[in-house]
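Work through the exercises below with the sequence and the model at hand. Each task is followed by a stepwise solution.

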Amino acid sequence: MNIQIFGKSKCFDTQKAQRWFKERRIKFQYIDLRRYGISRGELSSVKNAVGLSALVDEKDEDYPLYKYLSSDDARFEKLVEDQYLIRTPLVRNGRQATVGFQPETWKAWE
């Protein structure tokens, strides 16, 4: 397994995801979205795995502006530009990906 966790350091679900993998002694790479971000290609790969709507944090204060963008391409570009709108954690295992805390899915990866 080649696990990558993209998250925010103060996100409770990101911390839970890291703890879940540590408890099972599964190695992972943690990438802080606020500090390093996620590349367009990686974000596109996650989008292809989970869908565009799953990537968006509906609790973010800028979500009302985001949801009125006219096309999926414009919405994706907004996520690439303003990565604080991305719901965390994003957990990748090759071409597979999840958004949020989803241990049931991660168990199937083992």
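**Exercise 1. Describe how helices H2 and H5 pack.**

Step 1. The axes of H2 (residues 40–50) and H5 (residues 72–81) come within 10 Å and cross at roughly 130°. That angle makes H2 oblique to H5, since angles under 35 degrees count as roughly parallel, over 145 as roughly antiparallel, 65 to 115 as roughly perpendicular and the rest as oblique.

Step 2. Now list the contacts (heavy atoms within 4.5 Å). From H2, Arg40, Leu43, Ser44 and Lys47 meet Phe76, Glu77, Leu79 and Val80 of H5. Sorted by class, this contact has 4 nonpolar, 1 polar and 3 charged residues.

The model is predicted: local features need pLDDT of at least 70, side-chain atom pairs pLDDT 80 or more, while totals for chains, interfaces and linings use all residues. Numbering starts from 1 along each chain as its sequence is written, and side-chain values use heavy atoms, without hydrogens and water.

**Exercise 2. Find two backbone features in loops.**

Step 1. Threonine 88 and proline 89 are joined by a cis peptide bond, with omega about 0°. Proline 89 sits in the loop between H5 and strand E3 (90–93).

Step 2. Arginine 25, a residue other than glycine, has a positive phi near 55°. Its loop runs between helix H1 (12–23) and strand E2 (28–32).

How values were computed. Axes fitted to C-alpha atoms, helices over the stretch in contact; angles between N-to-C directions. Helix = DSSP H or I, 4+ residues; strand = E, 2+ residues; numbered from the N terminus. Nonpolar A, V, L, I, M, F, W, Y, C, P; charged D, E, K, R; others polar.
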